[in-house]
Structure formats: C-alpha cells, structure tokens
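Have the model open as you read.

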Amino acid sequence: VAIRIQPPRTTSQARMADRAMALLGAPFRMHGRSIETGFDCVGVAAACLVDAGYRFDTPTDYRLSGDFDGRAQAFFAGNKFQNVDDGSWVAGDILLLRPGPRQLHFAVLTQGGAVHAHVGLGRVVLTPLPLPYGDITQWRFQGD
C-alpha cells in the first residue's frame, strides 16, 4: 500500500524537506554532523531542523542501541513540535522509529519518502513509505 506524502505546509517544513534531500548520498558516520564527513540519523534530523531555523544543542552521548526513547520523546514534547497521530504524512515531518528492541532511528519525510542515515548501506538514503520499521511516532515542527 503506497502512502501519499503531502507537500510541505509551511516554510519550515519546506526547508526541512529540501535539506533532507540535499543530504542524500552523504556517508554514514556515528555522531556525524557534516556532509563531508557523514551523518547518523540524529545528525540528519538536526541538520534539517537547523535549516528550518530551530537552534538547540544536538546530543552526542548516545549509542546505536540503548534506552533513549524517553529522552527523545521529551525533546519533542518539550519544544516547538506537534505530535501527529491523525494519519497525515507531510514533507518535513520527523519520524521516530523503532527498528528493533532498544533501538531508535530518526527519519525526515520528503515527498519522495523518508530520508535517513542507513548504517547498513553506509550512507544517507531515501526510502519510500511504508517503512520497514514498527512503532512510528511522528513529530511536526511548528516553526512558522
């Protein structure tokens, strides 16, 4: 079943989706924060948020697996984000995914699918929806 992703509704969402697409092909690097040296999934989401005008300290004290769900949920719940649970899919939304036990993964929606840093493929990729991960939490930045 194909999922239709709606165009961005705000300038912030458009900036996030555009930035995500610009990161495609960048190498994977744990705690990576630059297109030259690479990104992890947190770095991809952070780069997109910064392009949308959101300023924050991007964490680096995490591992590929661990008990970080509460911390991630608190970050989004305590800031300028709306938890989306109405079935809408909008370019610029951030997905918090759980690919396995004690694993978290971030992706940014674009009209072509979800952009994320894929450790197995070693680079930032675009994956069409639906994603092969369960338990999705979706957050929409309320920047404008």
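## How α1 meets α2

The axes of α1 (residues 11-22) and α2 (residues 41-51) come within 8 Å and cross at roughly 135 degrees. Helices here are DSSP runs of H or I with at least four residues, and strands are E runs of at least two, numbered from the N terminus. Axes are lines fitted to C-alpha atoms over the stretch in contact, with angles from 0 to 180 degrees between N-to-C directions.

On the α1 side, Arg15, Met16, Arg19 and Ala20 make the contact (heavy atoms within 4.5 Å); α2 brings Ala47, Cys48, Leu49 and Asp51.

This is a predicted model, where local features need pLDDT of at least 70 and side-chain atom pairs pLDDT 80 or more, while totals for chains, interfaces and linings use all residues. Residues are numbered from 1 along each chain as its sequence is written, and side-chain values use heavy atoms, leaving out hydrogens and water.

## The nonpolar core

A nonpolar core is a set of buried (under 20% relative accessible area, 1.4 Å probe, protein chains only) Ala, Val, Leu, Ile, Met, Phe, Trp, Tyr and Cys residues joined through side-chain atoms within 4.5 Å. The largest has 28 residues, of which Val44, Phe81, Ile94, Phe106 and Val124 touch the most other members. Helix α2 gives the most to this core, seven residues.

Beyond its neighbours within four places in sequence, Ile94 contacts residues including Met16, Leu49, Phe76 and Trp139.

How values were computed: Buried < 20%, exposed > 50% of the residue type's maximum accessible area, 1.4 Å probe, protein only.
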